Each structure stands twice: as structure tokens, then as C-alpha cells.
Amino acid sequence: MVLFKTRPTVAISISAGLALLILLVLGAWQVERLFWKENLIAQREAQASMAPIDFPVDVAKIDPDLSFRAVRAHGRFLHDQEMYLMARTMQGSVGYQVITPLEQADGRIILVNRGWVPDDKRDPATRAQGQVAGQVDVTGVLQVARPRHWAQPENDPVKNQWFFVDPQHMAEEAGGDLASPYYLEADATSNPGGWPKGGQAHVTLPNNHLQYAITWFSLAVALVVIFIIYHRRPALPKAD
């Protein structure tokens with residue numbers, strides 16, 4: 001019996017070539033995303049670790065590069081105007097994030113995300129200690145409100161159900177004039193009574209792009225190996 005290498009058909013070669021190209025492109029894309037994510041995390045961590053600056057008001061134009069900049073603000077919380085970001089989780093538990101207007105000396109407000117509360121702590125009466133009266137100092141990071149994602153429901157101010165931060169609309173619902181288009185995400189400094197729990201800003205992000213890249217490149221290598229082995233397999237003997 002004479003054994004010989006089988007020749008790949010044109011269809012198989014084209015299909016394998018296209019599949020290999022797709023796998024390599026996906027792997028290269030994940031490498032690009034890896035560097036982008038690492039730079040983003042480094043930028044956020046650097047911004048958040050700087051000495052805090054005064055919360056910017058009277059801003060003519062939003063600067064996205066100020067996102068996660070450490071800031072401080074002073075004012076009086078309008079606790080009776082609390083607003084709730086819906087379906088926010090913490091350590092696997094579903095609850096809300098509490099957005100509270102912080103009234104400035106001139107009567108205008110900035111919005112502060114004070115942190116997370118579980119469902120049974122939504123009612124302010126269940127966390128009365130955390131409803132601090134009088135003038136307060138708040139520290140945290142500066143945030144730029146993101147536009148509504150297509151998959152997010154519309155905000156429902158009547159039911160006090162907010163699915164994304166909308167500073168202008170929220171200020172109107174609170175009955176005040178907005179001092180800044182930014183909002184403040186409070187840091188993990190403990191509130192009296194423990195609620196809300198601040199520090200909900202995601203400074204460090206999940207970064208799985210290296211694993212994804214390895215997966216795509218491994219599949220590309222596997223495809224090449226299978227292609228070679230398949231076309232080096234013993235074939236039926238030629239007829240004499």
C-alpha cells in the first residue's frame with residue numbers, strides 16, 4: 001500500500017484561510033483593547049489619587065479628561081429631594097444608588113451620588129443617621145454623565161426611578177438651578193449609620209482582554225495544526 005499526502009480542495013483552503021484571518025484579526029483587536037484598557041485604568045487611578053480640587057462650577061464646556069478627577073464640594077444636602085438610580089448591584093445584592101442635590105451658597109445645586117443602599121434601605125427613614133443636616137464637605141471623583149444607552153429604559157421622575165444620570169433633568173425635578181453639568185461620585189468615606197455606602201465609582205475596570213487575545217490566537221494555531229494534520233493523513237492507495 002502506498003501512502004501519500006492529500007491535496008486540500010480549493011473550497012477547504014479558502015474557508016480555512018478566511019477563518020484564520022478572522023481569528024488573527026480578533027486576536028489583534030483584543031491586544032489593541034488590552035492596551036486601551038490598561039491606559040484607561042492608569043489614567044483613572046492617577047486622576048483619583050491626586051489631591052482633590054474644588055468641584056468645578058460655571059463650566060462652559062465639559063472636559064471628558066476630567067472624569068475621575070478627585071474633587072471636593074461644600075454645601076447642604078437636600079435630602080427631601082433624593083433620587084434613586086435603579087437596579088444597581090453591590091456584592092451580588094440589588095439596590096439603588098442615592099443621588100442627592102447639594103445646595104451651594106448661591107442656592108444652585110450640584111448632584112452627588114452618595115452611594116449604594118439595599119432595597120430595604122431605600123426609605124430615608126430607615127437610615128436617618130445618614131441624613132446629615134447642615135453644611136457638609138463631600139469628597140469623591142468628578143463624573144461626566146453618559147448619554148442614555150439604547151438598552152436603558154427612560155427615566156421616570158414621577159416614580160423617582162432613574163436609570164441613568166441626567167443632571168439637567170434631575171436638577172429641574174429637585175426644583176433648583178444646576179451649578180455644573182458634572183456630578184460628584186462620593187468616595188468611600190463612611191456616612192453616619194453606614195448608609196449610603198460610597199465609593200461606587202469604578203476606578204479599576206475588569207480587564208480580560210489578554211485572555212481573550214490568547215484564546216483567539218490559540219484557536220488560530222489550532223486551526224493551522226488541524227489543517228496540516230488533515231492533509232498529511234494516510235489516503236487510500238492509488239489503483240494500479
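Student: Which residue in E7 stands opposite leucine 142?

Tutor: Leucine 142 has leucine 184 of E7 opposite it. Before we go on, this is a predicted model, in which local features need pLDDT of at least 70 and side-chain atom pairs pLDDT 80 or more, while totals for chains, interfaces and linings use all residues. Residues are numbered from 1 along each chain as its sequence is written, and side-chain values use heavy atoms, with hydrogens and water left out.

Student: What counts as a strand, and when do two of them pair?

Tutor: A strand is a DSSP run (E) of at least two residues, numbered from the N terminus, and two strands pair if DSSP finds at least two bridges between them.

Student: OK, in which sense do E6 and E7 pair, parallel or antiparallel?

Tutor: E6 and E7 (residues 178-186) are antiparallel, over four bridges, and valine 141 faces glutamate 185 in E7. E6 (residues 135-143) also pairs with E2 (residues 70-77) in the antiparallel sense, over seven bridges, where alanine 70 stands opposite valine 141.

Student: And how does E5 pair with E7?

Tutor: E5 (residues 109-118) pairs with E7 in the parallel sense over four bridges, and there leucine 111 is opposite tyrosine 183.

Student: Switching topic, is arginine 114 buried or exposed?

Tutor: Arginine 114, which lies in strand E5, is buried; buried means under 20% relative accessible area, exposed over 50% and partly exposed in between, using a 1.4 Å probe and protein chains only.

Student: What is the nearest side chain of opposite charge?

Tutor: That is glutamate 82, 4.7 Å away, and arginine 114 has no salt bridge, a term for a side-chain nitrogen of Lys or Arg within 4 Å of a carboxyl oxygen of Asp or Glu. For charge, Lys and Arg count as positive and Asp and Glu as negative, while His and the chain ends are not counted.

Student: Which backbone oxygen lies 2.9 Å from a polar atom of its side chain?

Tutor: The backbone oxygen of glycine 130 lies at that distance from the side chain of arginine 114.

Definitions and conventions
A polar contact is a pair of N or O atoms within 3.5 Å; within protein, one must be able to donate a hydrogen and the other to accept it, and residues adjacent in sequence count only if both atoms are side-chain atoms.
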